[in-house]
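Subject: Handover of a structure for your review

Dear colleague,

Please find below the structure that I am handing over to you. My notes on what was found in it follow directly after.

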Amino acid sequence: MSKANKLTVNLYRDGSLESSHEINVYTNNKQYKDYFFPRSSVKPMQVIPLLLEASKHNIEFTSEEIALFAASHSGQDKHINLLKKTASKYQVNLEEIICGPQRPFHDETADNLLISGNKYSKLHNNCSGKHLSMLIFSKLLSVDSSNYYELIHKTQEITKQYFIEIFENEDIGFGIDGCGLPAINLNVTNFLNSIDFMQNSRSAESWSKVFDAYIAHPEIIGGENRTDTNIIINSKRRLLAKSGAEGVLFVTDNSDSYIFNCSDGSKRGVDLATSHFLYSNGWIDIKPYEYLDDIYTSNRQNTRAVEIEVV
């Protein structure tokens with residue numbers, strides 16, 4: 001068994017070390033004993049059982065719809081409009097999603113809502129696209145959707161069996177995610193090897209559609225200046241990137257795959273480390289890292305107050 005490679009993100013103020021983040025870097029060409037919670041980075045795989053079921057009903061989701069189902073969107077108007085349009089198209093009630101109201105990740109959108117006297121809604125929740133997909137999945141299966149978020153529900157049972165199939169391991173734990181849906185816990189190697197498995201299985205066509213949807217609609221996957229979105233937009237090859245809560249970021253080009261996992265759960269740490277690593281290895285240009293370096297080093301007076309190194 002291999003040990004994860006390590007990256008460290010150090011922040012210096014006035015030349016003195018102020019904080020440090022350690023990031024584990026896992027790749028698909030090694031074997032690891034480590035387990036982790038992928039959180040939202042599993043969404044590209046999680047949507048495939050719906051696509052497989054839809055094909056039985058001769059339903060072809062658009063690339064935008066697939067991106068929405070597998071997104072952690074920023075709650076911008078384009079995301080909300082797409083949610084409403086998709087729910088109407090498939091005749092499901094968006095009010096039935098159980099993810100709670102959330103401040104949009106997009107600050108300007110959140111501020112405008114407050115200025116206009118409106119409240120954050122369930123639609124602004126970054127996982128609302130995934131929840132919408134579960135309602136559509138329930139409808140295709142002709143089952144009651146009222147408890148779609150429980151492990152005993154048919155949609156979750158099918159998804160669990162699909163995970164066992166592609167991860168080639170029944171040793172999968174389940175917690176509760178921030179949005180209320182099951183959150184899987186599994187071996188890092190099983191997660192990374194699933195990319196090759198899916199490309200050589202009954203999932204091949206569906207995985208290709210998901211991969212293409214990420215590349216075609218990165219602004220739906222995250223949103224304006226979200227790190228996974230910026231990585232896809234500024235890539236030098238066709239690649240999929242998906243962030244997860246508690247400092248997780250997954251990247252693959254369908255040949256080489258990586259999980260970046262910050263030990264202290266820091267989004268700042270994993271975003272900086274991943275962007276720096278991918279740039280250093282020629283996968284993306286410098287823009288995603290430069291954007292992060294700017295926002296994390298500038299103070300309220302727009303003066304550079306901090307220096308960052310990734311080692």
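How many residues lie between β1 and β2 in the hairpin that they form? In this predicted model, two residues separate the strands, and D14 in the turn has a positive phi of about 55°. The antiparallel strands β1 (residues 5–13) and β2 (residues 16–27) are joined by nine bridges. Strand β1 is also joined to β9 (residues 307–310), by four bridges and again in an antiparallel manner. N10 illustrates both pairings: its bridge partner in β2 is S20, while its bridge partner in β9 is E309.

A further set of strands forms an open sheet of three, in the order β3-β5-β4, with antiparallel pairing. Because β3 (35–36) and β4 (173–176) each have a single partner strand, they stand at the edges, and one side of each is left without a neighbour in the sheet. Between β3 and β5 (residues 182–187) there are two bridges, and F36 stands opposite L186 in β5.

Helix α8 (residues 188–199) lies across β3 and β5, and runs at about 95° to β5. Helix α8 also packs with helix α7 (residues 154–167), at an angle of about 85° and with the axes 8 Å apart. Angles of 65 to 115 degrees count as roughly perpendicular, and α7 and α8 are therefore roughly perpendicular to each other. On the α7 side, the contact is made by Y162, E165, I166 and F167, and on the α8 side by N190, F191, S194, F197 and M198. By class, this contact of α7 with α8 has six nonpolar, two polar and one charged residues.

The structure also holds two cavities of 30 Å³ or more. The largest cavity has a volume of about 110 Å³ and is lined by 16 residues, of which Q46, F163, P182, A183 and I184 lie nearest its centre. Helix α7 gives the most to this lining, with four residues; α1 (43–46) and β5 each supply at least two. The lining of the largest cavity divides into seven nonpolar, four polar and five charged residues.

The second largest cavity has a volume of about 50 Å³. Among the residues that line the second largest cavity are K43, Q46, F69 and F137. Helix α6 (128–141) gives the most to the lining of the second largest cavity, with four residues. By class, that lining has five nonpolar, two polar and two charged residues.

Yours sincerely

How values were computed:
Residues are numbered from 1 along each chain as its sequence is written. This is a predicted model: local features need pLDDT of at least 70, side-chain atom pairs count only at pLDDT 80 or more; totals for chains, interfaces and linings use all residues. Side-chain values use heavy atoms; hydrogens and water are left out. Two strands pair if DSSP finds at least two bridges between them. Contact means heavy atoms within 4.5 Å. Axes are lines fitted to C-alpha atoms, for helices over the stretch in contact, and angles run from 0 to 180 degrees between N-to-C directions. Angles under 35 degrees count as roughly parallel, over 145 as roughly antiparallel, 65 to 115 as roughly perpendicular and the rest as oblique. Ala, Val, Leu, Ile, Met, Phe, Trp, Tyr, Cys and Pro count as nonpolar, Asp, Glu, Lys and Arg as charged, and the others, Gly among them, as polar. On a 1 Å grid over the protein atoms alone, a cavity is a set of points where a 1.4 Å probe fits but cannot get out, and a pocket is an open set with protein on both sides within 12 Å along at least five of seven lines; lining residues have an atom within 4 Å of a point. Grid points are joined across faces, edges and corners, and a volume is the space filled by probe spheres set on the points.
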